[in-house]
Amino acid sequence: APCLMLLVACSTTRSTPPTPELQANLRQPCPPLPKPPTPLTDPERAVWENTMIAMYGDCAARHLRSVEARP
């Protein structure tokens, strides 16, 4: 019985670490996507597509960093 009591005294409870506060740039929502130009012709179409790709890439990167920041 004394051995069991000693083991109980060695027991540690694990506490969860505090959740880190997200950086301000990670809390921002993704910007609304721009409407396509009318009529959708070159070179305006290429500019619009590149803008969409850049906006999506930035938002996806921020989302990934916010997911990685959480335990």
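Predicted model: local features only at pLDDT ≥ 70, side-chain atom pairs only at ≥ 80, totals over all residues.
Close-up 1. The structure holds one disulfide (a pair of cysteine sulfur atoms within 2.5 Å). Cys30 and Cys59 form this disulfide, with their sulfur atoms 1.3 Å apart. The pair links distant parts of the chain: Cys30 lies in the loop between α2 (24-27) and α3, Cys59 lies in helix α3, and the two are 29 residues apart. Helices are DSSP runs (H or I, at least four residues), numbered from the N terminus.

Residues are numbered from 1 along each chain as its sequence is written, and side-chain values use heavy atoms, leaving out hydrogens and water.

**Close-up 2. Salt bridge between Glu49 and Arg45****.** A search of the whole structure finds two salt bridges (a side-chain nitrogen of Lys or Arg within 4 Å of a carboxyl oxygen of Asp or Glu). In the Glu49 and Arg45 pair, the closest N and O atoms are 2.9 Å apart. These residues are four apart in helix α3 (residues 44-69), so about one helical turn separates them. Glu49 is partly exposed at 32% relative accessible area, and Arg45 is partly exposed at 36%.

**Close-up 3. Salt bridge between Asp58 and Arg62****.** The N to O distance here is 3.6 Å. Asp58 and Arg62 are also in helix α3, four residues apart, and thus separated by about one helical turn. Asp58 is partly exposed at 43% relative accessibility, whereas Arg62 is buried at 8%.

Definitions and conventions: Buried < 20%, exposed > 50% of the residue type's maximum accessible area, 1.4 Å probe, protein only.
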